[in-house]
Amino acid sequence: MKRRHLLLGAAAAGAAGAWLARPADAGGPALAYFEGLQRALGGLPAMPTLVVDRQRLRANLGRIRQTAHPKLPLRVVVKSLPALGLLDAAMAAWATRRVMLFNAPQLALVAMARPDVDILLGKPLPASAARWALEQPGDARFDPGRQIQWLVDTPERLAEYAVLAKGRGQPMRINIEIDVGLHRGGVETGNQLATMLGLLRNEPLLHFAGLMGYDAHLAAIPDLAGNRASAQAEAQRRYAAMLALARERLGPADAAWTLNTAGSPTFHLHDDRHAPNELSVGSAAVKPSDFDKPSLAMLEPAAFIATPVLKTMDEFRLPVGAETVSRLAGWWDVNQRRALAIHGGHWLADPVSPPGVAPSGLYGASSNQQVLVASPSVPLAVGDWVFLRPRQSEALFLQFGAIVVIDQGQPVEHWPVLPASA
Ligand SMILES: Cc1ncc(COP(=O)(O)O)c(C=O)c1O
């Protein structure tokens with residue numbers, strides 16, 4: 001008897017504890033900032049829309065320029081700001097014509113649309129892709145032999161570029177990728193670099209243009225016991241050693257060499273006392289959530305997806321056969337009691353307004369009409385807008401036709417995104 005009482009008591013206490021441990025209501029009305037965006041979108045057709053807040057974008061661009069060392073020019077990472085409007089805004093704010101490109105279609109397009117830019121490839125393109133880019137119709141003002149630095153990572157690829165250059169009688173500037181610790185690619189040893197510099201000296205159509213050492217790992221590795229500081233010192237040491245070797249082999253004509261490094265998470269780490277003489281930055285200008293880092297705390301998210309609510313459901317229900325599961329989920333978690341279907345979905349993005357709206361972990365994701373869950377305290381009706389914050393910009397932006405630029409509560413421009421490419 002006593003034992004049964006004990007068991008019953010324990011079960012009751014467990015149930016009460018579980019009841020108290022239930023998730024709190026995370027719902028609430030749309031945040032004032034997003035109400036403003038919703039008003040601005042009022043006159044536009046209700047469909048998934050990529051919105052850029054021009055005031056935030058401009059403020060971010062200005063703060064990035066102020067944070068980066070004043071003696072180091074910035075190079076715009078086009079893949080992360082893939083619309084000519086975004087590219088123009090960044091180039092204007094940073095007083096630069098330097099851009100970094102990552103694939104042949106975007107390379108050909110930017111060379112055509114902005115023929116005065118100075119292009120550095122951010123990845124080593126296969127020689128056949130480089131050839132394809134060179135074969136695309138170009139603007140007469142753009143000189144590929146002067147305005148493109150092709151990134152090359154191995155002696156083998158350099159040999160392929162030599163064949164390409166000779167075949168077309170095309171002078172090509174070569175920037176050599178070096179591994180400063182990220183281990184994603186690039187030259188790791190002095191011997192490799194020496195071999196490549198030797199090949200370059202023997203091929204009059206290929207010209208050495210500089211080095212590129214990307215250091216994203218400095219922001220990603222755990223910062224334990226000086227780990228980051230020593231990784232940074234190692235990156236500086238590797239860069240300096242490669243530069244010294246290039247100088248030794250080619251002479252000290254390095255004033256014109258492009259010595260590129262950095263990205264959004266690391267540009268703040270650099271000054272003019274080390275080898276690199278320019279910094280790449282892209283994503284930080286719109287600050288997707290993957291870039292919520294202490295070093296970028298001075299920036300604000302400037303891009304959102306706005307999408308209309310197509311349906312609201314007073315009770316969140318899984319399909320027939322699984323309804324009990326959704327009933328239990330709603331009993332347990334007030335934030336799963338209601339449901340709504342949005343236009344589109346399944347993006348690399350997370351709902352931010354109204355608060356408390358979240359993807360259902362139970363209902364399968366859909367790119368067509370995603371089911372989101374919410375608590376009854378979220379005042380959502382058909383036709384209202386849900387706002388999502390992208391986690392990254394580079395692939396996600398290309399999923400939208402044109403960016404709607406909002407300034408002072410008004411849609412002021414449409415910036416077509418670059419055609420889809422990978
Ligand atoms: C070579 C290189 N430089 C710089 C960047 C930085 O881009 P973002 O500023 O968008 O992070 C990248 C991003 O992948 C990269 O691959």
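Ala-30 is in contact (C-beta atoms, placed from the backbone, within 7 Å) with Glu-35, Gln-38, Ser-353 and Pro-354, when residues up to four places away in sequence are not counted. The structure is a predicted model, in which local features need pLDDT of at least 70, side-chain atom pairs count only at pLDDT 80 or more, and totals for chains, interfaces and linings use all residues. Residues are numbered from 1 along each chain as its sequence is written.

Ala-30 lies in the loop that runs between helix H1 (2–20) and helix H2 (32–40); helices (H or I, at least four residues) and strands (E, at least two) are DSSP runs numbered from the N terminus. Ala-30 counts as buried because it has 22 C-beta neighbours inside 10 Å. The class is defined on C-beta atoms placed from the backbone: 20 or more others within 10 Å make a residue buried, 12 or fewer exposed, and counts in between partly exposed. The C-alpha atom of Ala-30 is separated by 8.7 Å from that of Val-386, which is 356 residues away along the chain. Two of the contacts of Ala-30, Ser-353 and Pro-354, are joined by a cis peptide bond with omega near -5°. Pro-354 itself is placed in the loop between strand E12 (349–353) and strand E13 (358–359).

The protein chain comprises 12 helices and 17 strands. Its C-alpha atoms fill a box of roughly 90 × 60 × 40 Å along the principal axes. Of the 422 residues in the protein chain, 40% are buried. Among contacts in the protein chain between residues at least 6 apart in sequence, 71% join residues at least 24 apart.

Two helix pairs were examined. The axes of helix H3 (residues 54–67) and helix H4 (residues 84–93) come within 9 Å and cross at roughly 40°. H3 is therefore oblique to H4. Axes are lines fitted to C-alpha atoms, for helices over the stretch in contact, and angles run from 0 to 180 degrees between N-to-C directions. Angles under 35 degrees count as roughly parallel, over 145 as roughly antiparallel, 65 to 115 as roughly perpendicular, and the rest as oblique. H3 contributes Leu-57, Arg-58, Leu-61, Gly-62 and Arg-65 to the contact, and H4 contributes Ala-89, Ala-90 and Ala-93. By class, these residues are five nonpolar, one polar and two charged, where Ala, Val, Leu, Ile, Met, Phe, Trp, Tyr, Cys and Pro count as nonpolar, Asp, Glu, Lys and Arg as charged, and the others, Gly among them, as polar.

Helix H5 (residues 104–113) packs against helix H6 (residues 127–135) at an angle of about 25°, with the axes 9 Å apart. H5 and H6 are therefore roughly parallel to each other. Ala-104, Leu-107 and Ala-108 of H5 meet Ala-129, Trp-132 and Ala-133 of H6. This contact has six nonpolar, no polar and no charged residues.

Ala-225 is found in the loop between helix H10 (217–220) and helix H11 (227–250), and it counts as exposed because it has 8 C-beta neighbours inside 10 Å. Gln-408 is located in the loop between strand E16 (402–407) and strand E17 (410–416). With 9 C-beta neighbours inside 10 Å, Gln-408 also counts as exposed.
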